[in-house]
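Please walk me through this model from its overall division down to the packing of individual helices and the surroundings of the ligand.

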Amino acid sequence: MPGMELFGDEERKEVMDVLKTGALFRYGHEHVRKGMWKAKEFEAEVCRYTGAKYAHAVTSGSTAVAAMMAASGIGYGDEVIVPPFTFVAPIEGVFLGGAIPVFGEIDETFCLSAEGIENAVSPKTKAVLLVHMCGAAADIDGILNVCKKHNLVLMEDCGQAMGAFYKGKSVGLYGMAGSFSFDYFKIATCGEGGVCITDSQEIYNKMDQVSDHGHTHIGDNRGMEAHEFMGFNYRISELGAAIGLAQMRKVPQMVADNKKNKKYLKERLKEIDGLTFRCLPDEEGDSATFLNFMFPTRKLTEKAFSQFSKDGVGGVAYWYTNMYHFINQWDHIKNVSYPSRLAIHDLGCSQDYKTMELPKSQDVMARMASIGIRCTWTEDELEQFGDRLAHSIKKVL
Ligand SMILES: Cc1ncc(COP(=O)(O)O)c(C=O)c1O
C-alpha cells in the first residue's frame, strides 16, 4: 500500500519536530510545544484534501467508527445495516455502540447496494453503516435514496477509501460522518491512526468530545473542563499525527500514480475474454488502490488461484476465503461471541445470523480476485507483472 511504500524523510522530519520538544500529547502544554500542534495540522490537512469542514484524528479506523457511532445517538437495540464484505471493525463498532448489525447484500460494486439495504430494513432499523471497500465509492445516490425513504442515518466507513471521491466530493461527506483508517496497510498511514470527518459542527463536537472522556476542549484548563457526556480515550498521539500529516501531503501524488498503474493493468486484463471488472459508480473518483475483477464461475476462480500459485504470481488476493473480510469466516460474529453481554442477547435481531442467506454477496465474492496496486512500481516491474498475470489467467480461461 502506498503509505508504507513511501515512508521517508518527510515523515521523519515531522516526527523529529515532536521529539525535539517532547510535546507528545495533543492538548495543552503550550509552554513546551513551541507552537507545534501536529494533530491539529493533520486534521487541517485532511480537511483541505477531502473538503470536509471538520476532521478529528483518533487512534485507529476502528475507534473512528466507534466515535462516529457514539455521535450518531444510535444505540441500544437499534439496528444498523452493514455489509458482509468489510473488515470486521465496523460490525464490532455497531455492537460496542449497543446497536445490532443486520447484514445487507452487496453487489458488483463490492459495497452494500441500494436494493440490499432496502431488503434488510426492519422496523428497528435506524442507520446504514456503508463501507466503501477497496478504495472506491459505493452507489451513493441509490443508497441516499433508500436512506431518505426509510429515514435512516447514513454513516460511511471509508477505512480503505482515503482518496476516493464520488461526483467530485470525498467519500465520508455524503452521510452524517465518515471514518478513515491510517493503519499500516492503508493509502496513508500513521502506523496506527484514524480520522473522522463531517460537515456538521454538532457531530464534530460529539466525535471530538467522545474521543476524550467527554472533555469539551473549551478554555485552557484541562482539569476544570466540563463534561456534557461520557466518552473514552481514542486520543491520537502527536507522534502518530506527525506521520499522518506528512503522509496526507503525499496522497494526491499517490492517487495519481496508483491510477496510472491500475489503468495499465486493467487494459492488459481487458484483452482476456470472460473477465469482468468491479462496477465503479464513479470511476474518475477511484483512489485506484485495488483492481478487482471477476471470473465467470467460482470453479474457474479457484482454478485461477491455483494457477497463480503454480506460476508464482503473487499479490492477487481472494477475499472470499480471507479470515478478516468476508462473513463466511466470521463464526465469532455469527455466534455473537463476546466476553460480556450485548444488546442483541436481550433484544434479538430481525435477522438470524445462523440461517441468513446472502446469495448475491456469495456469488460476487466467490468470483472476485483483487490486486493491490503499488504506486512505486517501475514501468518494467508493472509490465512483467502484467505479463505473468495475463499469461496465468489465459491458461485458465
Ligand atoms: C473498511 C475498514 N474499516 C475500518 C478498519 C479499521 O481500521 P484500523 O485498523 O485502523 O482500526 C479497517 C482496517 O482494515 C477497514 O478496512
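Which domains does the domain assignment of the chain give? The assignment gives domain 1 (2-250) and domain 2 (251-322 + 361-396), with bounds that come from an automatic or database domain assignment. This is a predicted model, in which local features need pLDDT of at least 70 and side-chain atom pairs count only at pLDDT 80 or more, while totals for chains, interfaces and linings use all residues. Residues are numbered from 1 along each chain as its sequence is written.

Taken over C-alpha atoms, the centres of domain 1 and domain 2 are separated by 28 Å. The contact between them takes 30 residues from domain 1 and 25 residues from domain 2, where two residues are in contact if their C-beta atoms, placed from the backbone, lie within 7 Å. On the side of domain 1 that touches domain 2, α1 (2-5), β6 (165-166) and α10 (238-270) each supply at least two residues; helices (H or I, at least four residues) and strands (E, at least two) are DSSP runs, numbered from the N terminus. By class, that side of domain 1 has 20 nonpolar, three polar and seven charged residues, with Ala, Val, Leu, Ile, Met, Phe, Trp, Tyr, Cys and Pro counted as nonpolar, Asp, Glu, Lys and Arg as charged, and the others, Gly among them, as polar.

Helix α10 also packs with helix α4 (residues 38-50), and the two axes come within 8 Å and cross at roughly 25°. Axes here are lines fitted to C-alpha atoms, for helices over the stretch in contact, and angles run from 0 to 180 degrees between N-to-C directions. The angle therefore makes α4 roughly parallel to α10, given that angles under 35 degrees count as roughly parallel, over 145 as roughly antiparallel, 65 to 115 as roughly perpendicular and the rest as oblique. In this contact K38, A39, E41, F42, E45, V46 and Y49 of α4 meet E238, A241, A242, G244, L245, M248, R249 and V251 of α10, a set with nine nonpolar, one polar and five charged residues.

From α11 the contact draws on L300, K303, A304, Q307, F308 and D311, and from α15 on R388, S392, I393, K395 and V396. By class, these residues of α11 and α15 comprise five nonpolar, two polar and four charged.

Which residues are closest to the ligand? The closest are S60, G61, S62, G159 and S181, among 14 residues that surround the ligand, a residue being near a molecule if its C-beta atom, placed from the backbone, lies within 6 Å of it. The elements that give two or more residues to this shell are α5 (61-72) and α6 (89-96). The shell around the ligand has four nonpolar, eight polar and two charged residues.

The axes of α5 and α6 come within 9 Å and cross at roughly 40°, which makes α5 oblique to α6. Their contact is made by G61, S62, V65, A66 and M69 of α5 and A89, P90, G93, V94 and L96 of α6, and these residues divide into seven nonpolar, three polar and no charged.
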